[in-house]
Amino acid sequence: QVQLVESGGGLVQAGGSLRLSCAASGRTFSSRAMGWFRQYPGKEREFVAAIGWRGGSTYYADSVKGRFTISRDTFKNTVYLQMNALKPEDTAVYYCAAGTFGGTMTGYEYWGQGTQVTVSS
């Protein structure tokens with residue numbers, strides 16, 4: 001069993017930066033890939049970034065490539081999403097997830113409660 005708690009969301013101006021954190025509990029965290037997804041109001045959740053269980057493999061949505069960086073600290077049981085050069089269209093609720101490396105929701109078994117990111121123009 002893995003429990004995930006996101007933090008770090010908030011309001012930022014366009015061009016600014018935020019770092020999201022996802023603290024995980026459970027002994028299986030280190031053996032699972034981690035992902036970040038986001039959801040716009042009335043839309044389905046969409047993939048943002050993923051990192052393999054060893055941290056050596058990463059995968060990004062085209063919309064965030066070059067601006068966002070996913071990383072993990074196994075000793076702290078935490079995964080991060082560093083978001084730079086933020087745009088108003090990045091405004092969404094961001095969720096972290098644990099499961100199988102990839103860009104589809106169905107590959108992830110565990111989900112956090114989400115954190116709101118709002119980017120003003």
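Where in the chain is Gly 114 found? Gly 114 sits in the loop between strand 10 (108–111) and strand 11. Strands (E, at least two residues) and helices (H or I, at least four) are DSSP runs, numbered from the N terminus.

The model is predicted: local features need pLDDT of at least 70, side-chain atom pairs count only at pLDDT 80 or more, and totals for chains, interfaces and linings use all residues. Residues are numbered from 1 along each chain as its sequence is written, and side-chain values use heavy atoms, with hydrogens and water left out.

**The chain as a whole**

The chain has 0 helices and 11 strands. The radius of gyration of the chain is 13 Å, close to the 14 Å from the globule rule for 121 residues, so the chain is as compact as a globular protein of that length. This radius is taken over C-alpha atoms, and the rule is 2.2 Å times the number of residues to the power 0.38. The C-alpha trace spans about 40 × 30 × 25 Å along its principal axes.

Of the 121 residues, 45% are buried. Buried means under 20% relative accessible area, exposed means over 50%, and partly exposed lies in between (1.4 Å probe, protein chains only). The accessible surface of the chain is about 6,200 Å², and carbon and sulfur atoms hold 49% of that surface. Areas come from the Shrake-Rupley method with a 1.4 Å probe; for residues, only the protein chains shown count as cover.

Among contacts with a separation of 6 or more, 57% join residues 24 or more positions apart. A contact means heavy atoms within 4.5 Å.

**Gly 114 and Thr 115**

Gly 114 has a relative accessible area of 15%, so Gly 114 is buried. Not counting residues up to four places away in sequence, Gly 114 touches Glu 6, Val 93, Tyr 94 and Tyr 95. Thr 115 lies in strand 11, which covers residues 115–120. With a relative accessible area of 11%, Thr 115 is buried. Among the residues that Thr 115 touches are Glu 6, Ser 7, Gly 8 and Gly 9, and also Val 93 and Tyr 94. A polar atom of the Thr 115 side chain lies 3.3 Å from the backbone nitrogen of Gly 9.

**Arg 38**

Arg 38 belongs to strand 4 (residues 33–39). Its relative accessibility is 3%, so Arg 38 counts as buried. The side chain of Arg 38 makes a polar contact of 2.9 Å with the side chain of Asp 90. Another polar contact of 2.9 Å joins the side chains of Arg 38 and Tyr 94. A polar contact is a pair of N or O atoms within 3.5 Å; within protein, one must be able to donate a hydrogen and the other to accept it, and residues adjacent in sequence count only if both atoms are side-chain atoms. The residues that Arg 38 touches include Glu 44, Arg 45, Phe 68 and Glu 89.

Ser 120 is in strand 11. Leaving aside neighbours within four places in sequence, Ser 120 is in contact with Leu 11, Val 12, Gln 13 and Ala 14. Ser 120 is partly exposed, with a relative accessible area of 27%.

Trp 53 is found in the loop between strand 5 (46–51) and strand 6 (58–60). Its relative accessibility is 44%, so Trp 53 counts as partly exposed. Among the residues in contact with Trp 53 are Ser 30, Ser 31 and Arg 72.

| Pair | Apart in sequence | C-alpha to C-alpha |
|---|---|---|
| Gly 114 and Ser 7 | 107 residues | 8.2 Å |
| Ser 120 and Gln 13 | 107 residues | 4.8 Å |
| Trp 53 and Met 105 | 52 residues | 17 Å |

**Positive phi angles**

Asn 77 is not a glycine, yet has a positive phi of about 50°. Asn 77 lies in the loop between strand 7 (68–73) and strand 8 (78–83). At 23% relative accessibility, Asn 77 is partly exposed. Ala 85 also has a positive phi, near 50°, in a residue other than glycine. The loop that holds Ala 85 runs between strand 8 and strand 9 (92–99). At 39% relative accessibility, Ala 85 is partly exposed.
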